[in-house]
Amino acid sequence: MNTRYKILTGNEACALGALDAGMSFFAGYPITPATEIAELAAELLPRRGGKYMQMEDELASISAVIGASFAGAKAMTATSGPGFSLMQENLSYGMLAEIPCVVIDVMRQGPCQGVATLPAQGDLMQARWGTHGDHPVIALAPCSVAEAYFETIRAFNLAERFRTPVLVLSDAALAHMSEKVGLPEPGSLTIVNRKRPHSPKDKSFRPYADDGSGIAPLASFGDGYRWYVSGIIHDETGFPATASPEAISDKVKHLLGKIENNRAEIEAWEEYRAEDAELLILAIGLVARSAKAAIDQARLEGKKTGLFRPITLWPFPERRFAELADPCGKTLVCEMNEGQLAGLAAQLSHAKIIPLNQNNGRLITAETILQGIREAY
Amino acid sequence: MSGHIFDKYLRREKLPHMWCPGCGNGIVTQALLRAIEAAGAAQDEVVIVSGVGCSSRANGYLDFCGIHTTHGRPIAFATGVKMASPRLKVIVITGDGDCASIGGNHFIHAARRNIDLTVVVYNNSNYGMTGGQYSPTTPLGSLSKTSPLGNIEPHFDVCSLAGAAGATYVARSSTYHVQALIRQLTAAVRHNGFAVVEAMCDCPTLYGRLNRQGDAAAMLLRWKEICLPREKARSASPEELEGKIVIGEFVNSAERPEYTASYDQLIQQAKAREARA
Ligand SMILES: Cc1ncc(C[n+]2csc(CCOP(=O)(O)OP(=O)(O)O)c2C)c(N)n1
């Protein structure tokens with residue numbers, strides 16, 4: 001394999017990953033610290049015959065992205081907390097209508113305008129529960145520029161495979177830091193494209209009928225299948241099915257089930273020195289890198305510490321987390337917010353949960369985590 | 001002829017429709033179907049995108065590709081469909097609230113871009129689906145469920161708004177003036193650019209009842225009285241225009257470039273520059 005090495009920022013890696021995954025449409029609205037993703041899309045997409053479009057707001061961005069996907073495009077938008085909030089209603093349209101797309105949320109300190117240029121991990125629960133109703137969510141949380149590239153590609157692949165919007169959670173620090181990335185030959189990447197229907201192009205076509213795989217094939221507008229979908233709970237024809245209690249609960253179960261039943265394919269995580277640990281650290285993104293440095297130091301002090309880092313944040317890799325956390329007895333949850341993961345960790349394992357929260361726009365350093373380890377151990 | 005186009009374009013199995021007796025939505029919808037036929041659009045190249053409201057439910061009775069989206073967003077969804085596949089004829093069905101209130105921003109910006117979409121605004125002067133509250137097109141002084149003492153907000157003129165924002169085809173008609181409505185919709189579907197047709201439309205159950213405008217037939221006849229053709233309106237005095245609605249074609253221009261065509265040129269430029277580099 002002919003790997004090309006490049007120095008990239010996290011935002012550049014997201015944009016290039018999206019292009020290598022086959023993105024042909026990007027709709028967005030400028031917002032710090034995500035803007036460079038849009039700028040790069042505006043520069044590179046037209047050269048490849050694709051389209052960048054600057055919308056009037058984030059409501060329009062996500063709507064246009066879903067619209068483009070209906071017509072067969074691999075489509076993406078990128079934003080930060082305030083814009084991510086504006087996208088929530090229509091994200092659930094994509095989830096219910098089962099339309100693939102990718103949304104990158106470059107997290108910045110919040111709430112409200114917060115501190116636009118500084119990183120945080122404040123949108124973890126917005127990513128999970130931001131939109132209304134019970135809904136399926138896949139969210140990926142890279143911890144390096146290289147991972148931003150590969151996880152953006154994986155986001156497109158999962159979106160196409162499971163017919164659902166997929167979120168990538170980056171942050172202001174990852175977005176703007178530079179690292180070396182080994183970019184594989186485009187041809188060598190695994191690229192997933194949505195399954196197309198092969199049934200007759202006539203009245204018998206049921207756009208939401210399970211073909212036995214749990215995920216219906218997806219036709220594009222204009223390719224000869226005539227189909228309709230409503231944002232109202234619908235049956236396999238795409239038309240409202242609100243009169244039947246079974247149809248309503250079946251639809252929701254289907255949406256949740258296609259994620260839940262495929263956890264093995266969707267979940268990804270990293271374990272670092274966790275096998276013999278007596279104290280487990282739970283962290284995602286850049287915080288996990290500080291944690292690794294702290295773990296190495298703690299081990300020199302004889303404190304057997306290890307890391308569990310979900311790369312797929314949602315669905316949270318619950319089983320593996322509990323397997324590691326329970327025998328340790330103690331889990332130090334390090335996050336740049338006021339404890340969004342700590343509450344979840346407490347639900348998932350019997351271990352004593354020790355929260356280490358820092359929500360001041362600064363990355364949590366290895367020293368801070370080491371101090372936390374010393375106190376918790 | 002009409003039997004033929006309704007067999008061709010209606011999903012008969014979805015009927016009867018959900019609208020109240022006397023609702024004007026059916027008249028606008030049949031005018032749209034006649035226009036699609038007259039414009040010669042190929043059935044599988046038409047995509048209908050609707051928002052949320054009584055009017056937006058028309059989409060489900062029509063046998064085209066269609067998306068019933070969220071409240072206020074159909075123009076934004078339609079923009080994505082059109083950008084990904086410019087050869088498709090993308091038609092938006094929207095209510096006055098859907099278009100001019102919650103979706104107002106998308107409406108003016110799509111007009112500014114002059115992207116080739118046909119937007120049919122079913123203007124029944126109120127929020128029908130939620131039970132008759134005032135909308136941005138409810139006339140000053142009108143009663144609604146949320147203006148029980150009379151509406152104190154001036155209304156938007158949807159056509160002026162569209163024209164000022166840059167739409168290149170803009171027309172208005174009513175459910176009484178059906179032939180004109182069909183002609184306008186046909187021109188709008190044929191038009192290469194952002195086209196808006198506002199259809200003044202009756203809601204006898206809510207707006208009409210609250211404002212004592214009589215039954216459905218009386219409401220239809222009311223359009224005959226209060227609508228003034230644009231040609232006549234030009235020479236009318238301000239007093240004569242009081243309480244009148246001007247109908248007709250307001251904008252029909254091929255001067256501004258259409259957005260997806262401009263985008264294709266941009267792609268050619270970008271590729272040429274890439275090839276040189
Ligand atoms: C985000 C959001 N806000 C509010 C509503 C409730 N709602 C549904 S339809 C509607 C108004 C519809 O009025 P209009 O667009 O004029 O269409 P009509 O029903 O009169 O045809 C409202 C407010 C909603 N569905 N979504």
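**View 1. A strand of chain A pairs with a strand of chain B.** In this predicted model, β10(A) and strand β2 (residues 65-68) of chain B run parallel and are joined by three bridges. Pairing here asks for at least two bridges found by DSSP between two strands; helices (H or I, at least four residues) and strands (E, at least two) are DSSP runs, numbered from the N terminus. Look for A:Val229, which stands opposite B:Ile67 in β2(B).

The model is predicted, so local features need pLDDT of at least 70 and side-chain atom pairs count only at pLDDT 80 or more, while totals for chains, interfaces and linings use all residues. Residues are numbered from 1 along each chain as its sequence is written, chains are lettered from A and ligands numbered from 1 in the order in which they are written, and side-chain values use heavy atoms, with hydrogens and water left out.

**View 2. Chain A meets chain B.** Here 40 residues of chain A are in contact (heavy atoms within 4.5 Å) with 42 residues of chain B. About 3,400 Å² is buried between chain A and chain B, and carbon and sulfur atoms give 59% of it; buried area is the accessible area (1.4 Å probe) that two parts lose on being put together, summed over both.

**View 3. Charged pairs between chain A and chain B.** The rule finds five salt bridges across this interface of chain A and chain B, each a side-chain nitrogen of Lys or Arg within 4 Å of a carboxyl oxygen of Asp or Glu. B:Asp63 forms a salt bridge with A:Arg226, and their closest N and O atoms are 3.0 Å apart. On the side of chain A that touches chain B, β3 (51-54), α3 (58-70), α4 (81-97) and β10 (228-230) of chain A each give two or more residues. Of these, α3(A) gives the most, with eight residues.

**View 4. Domain 1 of chain A against domain 2 of chain A.** An automatic or database domain assignment gives domain 1 (3-188) and domain 2 (270-376) in chain A. Their centres, taken over C-alpha atoms, are separated by 26 Å. Between them, domain 1 and domain 2 of chain A bury about 2,000 Å², 57% of it on carbon and sulfur atoms. In domain 1 of chain A, the residues A:Gln121, A:Leu124 and A:Cys143 lose the most area to domain 2 of chain A, together 31% of what that side buries.

**View 5. A salt bridge at A:Arg309.** A:Arg309 forms a salt bridge with A:Glu147, with 2.8 Å between the closest N and O atoms.
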